[in-house]
Amino acid sequence: IDKRTAAAAVHTNMFGRKKRSANSDTSDDRSSTASHYSNVFGTVTAGKAEDNFFGIPLSTDLRGHSTATYIGLTVLILVLLFKPYFLPSPFQQQKRRRRRVFLSYQMLDICLELCFWLGIGTALYYLRHVTLYPLLSVVIFTRTSYPYLIVGAHCVVAACSYRQQSSVTEGAQEHWLVSLCMGFLGYGFGGSMVSDAFMGLPVTAMGHTRIVPCYLLAHLIVWYSPYDVVYQNYISPGGSWRIFLLGCETVDSVTTPLGRISRASRELKNKVTAPIIAGLLAGTGGAVIRYFWWNAYSNSTASSYDRLIPLENAVYKTLGISIIWWYLVVQPCIVETTVSFLEPEQLHCTTYNGSDLLRVIFIGLNLLWTLGMECQWCSSHPFIFVLRHVLLRVWNNWMIPLFRMGPYYLTKKETMEQAHPNDKSKKE
């Protein structure tokens, strides 16, 4: 798109501020039959990934290196895989000891753990051309594609998560057709399918060249691997295999809403609320499917409120991700007066994908938080903590009683009086 086309697309929005967008629509939207799709609907792709990131070559091709590099990579992978057997994680539950002895053993285990990961970090740096650089490339390539490493790990985690949940609620192995379908919809790709369907966009998950084959293979190795090695290593806390899968799953759980935000911004005229709703649906669609499935067919004794907590957490987390990403990426591309430290070319405003630097920072922070929760350094995601434990608590405990908003907020004493109107002991 040349400069004349971009200049012709500049117009004024309802607040009197200029909009800048290569995909702007100047048609009259006052008619109720006006199309909600942009003028470039179905013709604009996600673009092409860069081949350089601040001087670091981006490539996932591991060929062309020396024999010593491949030997070092093999040794590194074996050490990480067998680490739980010769150096258990200090964050696993320890056997009961006296307090002083327990603290001494725990400090020793933590020191050994830190030394081990320091050595792993040193090895990763010296083998960065076959470890760190390809992993960085995979993260950046999620802007325009769905790398095999991410989709494969996501499929394995989806199958493992459904199997783990079904073993808790059902206590017996299910029919293979149920585990295959529910793992795919409830824990795999139900969110993106729900988002596409509700936003009026083509549902692409089933037609993707990588998704269905990778999920079928992941389902087989999770349920039928020899000695159940894949699933047992996943459910073992602190293991390298589990940490690797959770890291890839974090990348997928973050980039899925980001991808739906970018797609809705490209394909739809409404670039304000539609991208945020698309990202929210992508992150919570699978949780909605799981909620209705386990409520309808599960034998669990958990209360309905406890079953709603995972869905509530998914809403808080995805809502925070969607709003922040829309503000940093989409809004600077449609409002000219927005202050941004990145140029429209760096934000890829023609495709609304955002800059590679923002993507790396955004995903990196979520990876660090996932590692912290796995190591029990923190208890929940920051968006969940802020929205649920801070804002919602202030709203329920202060604002609603103070202004008597909505259905009158009952205190504990008033609730007991209404439940037992004739019982004086309950009132007291």
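Student: How do α4 and α13 lie relative to each other?

Tutor: α4 and α13 are roughly perpendicular to each other. Keep in mind that this is a predicted model. Two packed helices are described by the angle between their axes and the distance between the axes. Here helix α4, residues 132-141, packs against helix α13, residues 356-374, at about 110°, and the axes are 9 Å apart. Angles from 65 to 115 degrees count as roughly perpendicular, so the pair falls in that class.

Student: Which residues of α4 and α13 meet?

Tutor: On the α4 side they are Leu 136, Val 139 and Ile 140. On the α13 side they are Asp 356, Arg 359, Val 360 and Ile 363.

Student: What share of the contacts join residues at least 24 apart?

Tutor: The share is 70%, counted among contacts between residues at least 6 apart in sequence.

Student: How should I read salt bridges, and how many are found in the whole structure?

Tutor: Side chains of opposite charge can pair when their charged atoms come close. A search of the whole structure gives eight salt bridges. One of them joins the side chains of Glu 113 and Lys 83, at 2.8 Å from N to O. Glu 113 belongs to helix α3 (residues 99-126) and Lys 83 to helix α2 (residues 67-86), so this pair ties together parts 30 residues apart in sequence.

Student: Are Glu 113 and Lys 83 buried or exposed?

Tutor: Glu 113 counts as buried because its relative accessibility is 7%. Lys 83 is buried too, with a relative accessible area of 0%. The cut-off used here is under 20% relative accessible area.

Student: Where does the salt bridge between Asp 196 and Arg 260 sit?

Tutor: The side chains of Asp 196 and Arg 260 meet at 2.8 Å, N to O. Asp 196 lies in helix α6 (residues 176-198) and Arg 260 in helix α9 (residues 240-267), so the bridge ties together parts 64 residues apart in sequence. Asp 196 and Arg 260 are both buried.

Student: Which residue forms a salt bridge with Arg 242?

Tutor: The partner is Glu 374, and the closest N and O atoms are 2.9 Å apart. Arg 242 is in helix α9 and Glu 374 in helix α13, so parts 132 residues apart in sequence are tied together. Arg 242 is buried at a relative accessible area of 16%, and Glu 374 counts as buried at 17% relative accessibility. Elsewhere, salt bridges with shared partners join Asp 196, Arg 260 and Arg 263 into one network.

Student: Now the backbone. What is the phi of Phe 54, and what is the phi of Tyr 352?

Tutor: Phe 54 is not a glycine, yet it has a positive phi of about 50°. Phe 54 sits in the loop between β3 (52-53) and β4 (56-57). Tyr 352, also not a glycine, has a positive phi of about 55°. Tyr 352 is placed in the loop between α12 (344-347) and α13.

Student: Is Phe 54 buried or exposed, and is Tyr 352 buried or exposed?

Tutor: Phe 54 counts as exposed, at 66% relative accessibility. Tyr 352 counts as buried, at 0%.

Student: Last, which residues form the nonpolar patch on the surface?

Tutor: The patch consists of Phe 385, Val 386, Val 390, Leu 391, Val 394, Trp 395, Trp 398, Met 399, Leu 402 and Phe 403. Together they have about 1,000 Å² of accessible area. One of them, Val 390, is in helix α14, residues 382-403. Val 390 counts as partly exposed because its relative accessibility is 34%.

Definitions and conventions:
Residues are numbered from 1 along each chain as its sequence is written. This is a predicted model: local features need pLDDT of at least 70, side-chain atom pairs count only at pLDDT 80 or more; totals for chains, interfaces and linings use all residues. Side-chain values use heavy atoms; hydrogens and water are left out. Patches are made of residues with over 30% relative accessible area and no salt bridge: like charges are joined within 9 Å, nonpolar side chains (Val, Leu, Ile, Met, Phe, Trp, Tyr) within 5 Å. Accessible areas come from the Shrake-Rupley method with a 1.4 Å probe; for residues, only the protein chains shown count as cover. A salt bridge is a side-chain nitrogen of Lys or Arg within 4 Å of a carboxyl oxygen of Asp or Glu. Helices (H or I, at least four residues) and strands (E, at least two) are DSSP runs, numbered from the N terminus. Buried means under 20% relative accessible area, exposed over 50%, partly exposed in between (1.4 Å probe, protein chains only). Axes are lines fitted to C-alpha atoms, for helices over the stretch in contact, and angles run from 0 to 180 degrees between N-to-C directions. Angles under 35 degrees count as roughly parallel, over 145 as roughly antiparallel, 65 to 115 as roughly perpendicular and the rest as oblique. Contact means heavy atoms within 4.5 Å.
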